[in-house]
Protein chains: 2
Amino acid sequence: MENQDLKHEVTDKYSLRGRVFHRIREDILNGKYKDHEELKEVAIGQELGVSRTPVREAFRQLELEGLIQIIPNRGAYVTGIKVNDIKDIYMIRSKLEGLCARWACDNISKEQLEEMEENIYLAEFHAARGHMEQMAELDNRFHNILYEACNSKMLEHLLKDYHQYVWRVRQKTLSSSRGAVSNVEHKYIMEAIRENNPDKAEELANQHMINAYENMVEKGLLEMFE
Amino acid sequence: MENQDLKHEVTDKYSLRGRVFHRIREDILNGKYKDHEELKEVAIGQELGVSRTPVREAFRQLELEGLIQIIPNRGAYVTGIKVNDIKDIYMIRSKLEGLCARWACDNISKEQLEEMEENIYLAEFHAARGHMEQMAELDNRFHNILYEACNSKMLEHLLKDYHQYVWRVRQKTLSSSRGAVSNVEHKYIMEAIRENNPDKAEELANQHMINAYENMVEKGLLEMFE
DNA sequence: CTTCGTATAATTGTATACATTCATACCAAG
DNA sequence: CTTGGTATGAATGTATACAATTATACGAAG
């Protein structure tokens, strides 16, 4: 049991089933398979050049992740995200990102802090020029650094799941004006962590998520979801 | 898509694979399969009277739930819970149960409130007599009512997962003296919800989890986990 | 005695065959 | 035209066969 801390995302990444799983997951998150679309085992198997077996096993996992719903003897359907789900996720993430920022105060490494700083500096550049794609990428990376810095595999795993889960929504709701503001909030969070002020870091991270959600509501970006 | 809100826990409960999944899950949570024990596909299949296929699919799901770890081409091993994981889970649950109690203020039904009241009343009876098993059962039920009352499938699902996950630990760390105190805390949480005081309900639920964790630490109940 | 390599057995990974369930089309009765 | 029943096809559920990988045992070389 020397691989004690290896998690499934790592261990199965290079197996056939693992690749099938990640591939279907990507295709759902990227919108290739639309909400409520039925996924057929043979069709996907043929497309990926594998038999039904690994596809089926991937389906079971995707179901547990909430990305698809399997109705016994009927089929697998892409789960549609509903407006209420989005609100719930952002409120849950608000609490968890707060906890994450709090724990990061004690556990962040010098390298991680430096990468955060660089991230924020770069984001200022792209924000000024309206480079949406780079902003999204930097935002992703900022949060992932934070997740890794909290030194809790448990929390990191949970937050990464949610982060990916709302990726579909964020891609559709990217808003240019929020980018710069969001980056300033990142900066304050980082400073609170650097000052080792857990209360402040938690509060700022809490509010960061709430602001992100309220921005989506204000701009009417959620109306496209039913 | 009329079964929109049906979740996998419900839909697959009566399929063969579903039964296999739930059965293995039970056996892990009840301690039949010990930490780090290797689970063989054929052996379990024979024991349950099924082939490897449904067993394998169940394994994939159990891996995502974190109950087992699959090492490709090697085997499936029951995941050992570590002390740090327990702390993380309780801190995460603290935040989420707080959120849950907050949302329950607006969404709890009259029936749910009544069941809570009955639950607490009964628990007083059993606490006074040191009926450990009934206390554990009532505690379980109290939290499940709370989860259902928050009116968020997202949060309910998450909390139920964690609740079951630490069930293994709780069975080993049942402490007689905490039962009565815990029940009083339940009572205060319920009253805050009934008064529709979300801030108070959240704070009390937060503290309830922290107290439960600190009780385990104080009594040295976690030392058995490595 | 240790170490390396090979052979063998056991286990998992994948593909395929068979069984079962469900949806659709079609036709007949009303 | 509507309703209901049956037949057919297509998809999923399960079992089994085969392939690939890994662990173990054994023996020979050093």
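Colleague: Is the crossing of α5(A) and α8(A) left-handed or right-handed?

Modeller: The crossing of α5(A) and α8(A) is left-handed. Keep in mind that this is a predicted model.

Colleague: How are two packed helices described?

Modeller: Two values do it: the angle between the axes and the distance between the axes. Here, helix α5 of chain A covers residues 83-107. Its axis and that of α8(A) come within 10 Å and cross at roughly 140°.

Colleague: Which word describes how α5(A) and α8(A) lie to each other?

Modeller: Oblique. Roughly antiparallel needs an angle over 145 degrees. The crossing angle is roughly 140°, and α5(A) and α8(A) are therefore oblique to each other.

Colleague: Which residues make the contact of α5(A) with α8(A)?

Modeller: From α5(A), the contact uses Ile89(A), Ile92(A), Arg93(A), Leu96(A), Glu97(A), Leu99(A), Cys100(A) and Trp103(A). From α8(A) come Leu155(A), Leu158(A), Leu159(A), Tyr162(A), His163(A) and Tyr165(A).

Colleague: How do the residues of that contact divide into nonpolar, polar and charged?

Modeller: The contact of α5(A) with α8(A) has 11 nonpolar residues, one polar and two charged.

Colleague: Take His163(A). Where does it lie?

Modeller: In helix α8 of chain A, residues 153-165.

Colleague: Is His163(A) buried or exposed?

Modeller: Compare the relative accessible area with the cut-off: buried means under 20%. His163(A) has 4%, so it is buried.

Colleague: What does His163(A) touch, leaving out residues up to four places away in sequence?

Modeller: Its contacts are Arg93(A), Asp139(A), Asn140(A), His143(A), Asn144(A), Tyr147(A) and Arg170(A). Arg93(A) also belongs to the α5(A) side of the helix contact.

Colleague: Now Glu118(A). Is it buried or exposed?

Modeller: The cut-off for exposed is over 50%. Glu118(A) has a relative accessible area of 52%, so it is exposed. Glu118(A) sits in helix α6 of chain A, residues 110-129.

Colleague: How far apart are Glu118(A) and Ala149(A)?

Modeller: Read sequence and space separately. Glu118(A) and Ala149(A) are 31 residues apart in sequence. In space they are 16 Å apart, C-alpha to C-alpha.

Colleague: Step back to the chain. How many helices and strands are there in chain A?

Modeller: Chain A has 11 helices and three strands. From the N terminus on, its elements run α-α-β-α-α-β-β-α-α-α-α-α-α-α.

Colleague: What share of chain A do buried residues make up?

Modeller: Of the 226 residues in chain A, 52% are buried. Now look at contacts with a separation of 6 or more. In chain A, 71% of these involve residues 24 or more positions apart.

Colleague: In what order do the three strands of the chain A sheet lie?

Modeller: The order in chain A is β1-β3-β2. The sheet is open and the pairing is antiparallel. The edge strands are β1 and β2 of chain A, and each pairs on one side only.

Colleague: Which residues are bridge partners in β3(A)?

Modeller: Strand β1 of chain A, residues 38-39, pairs with β3(A) over two bridges. Glu38(A) partners Tyr77(A). Leu39(A) partners Ala76(A). Strand β2 of chain A, residues 68-71, is joined to β3(A) by four bridges. Ile71(A) partners Gly75(A).

Colleague: What do β2(A) and β3(A) form?

Modeller: A hairpin, with three residues between the strands. In the turn, Asn73(A) has a positive phi of about 65°.

Colleague: Which way do the residues of β3(A) point?

Modeller: Gly75(A) and Tyr77(A) point one way from the strand, residues 75-78. Ala76(A) and Val78(A) point the other way. All four are buried.

Colleague: Which helix lies across β1, β2 and β3 of chain A?

Modeller: Helix α4 of chain A, residues 52-64. It runs at about 115° to β2(A).

Colleague: And chain B? How many bridges pair its strands with β3(B)?

Modeller: β1(B) pairs with β3(B) over two bridges, in the antiparallel sense. β2(B) pairs with β3(B) over four, also antiparallel. Leu39(B) has Ala76(B) as its partner, and Ile71(B) has Gly75(B). β2(B) and β3(B) form a hairpin with three residues between them. Asn73(B) in that turn has a positive phi of about 65°.

Note on methods
Residues numbered from 1 in each chain as written. Chains lettered and ligands numbered in written order. Predicted model: local features only at pLDDT ≥ 70, side-chain atom pairs only at ≥ 80, totals over all residues. Heavy atoms only, no water. Buried < 20%, exposed > 50% of the residue type's maximum accessible area, 1.4 Å probe, protein only. Pairing = 2+ DSSP bridges. Contact = heavy atoms within 4.5 Å. Axes fitted to C-alpha atoms, helices over the stretch in contact; angles between N-to-C directions. Parallel < 35°, antiparallel > 145°, perpendicular 65-115°, else oblique. Left-handed = near helix turned anticlockwise from the far one by under 90°. Nonpolar A, V, L, I, M, F, W, Y, C, P; charged D, E, K, R; others polar.
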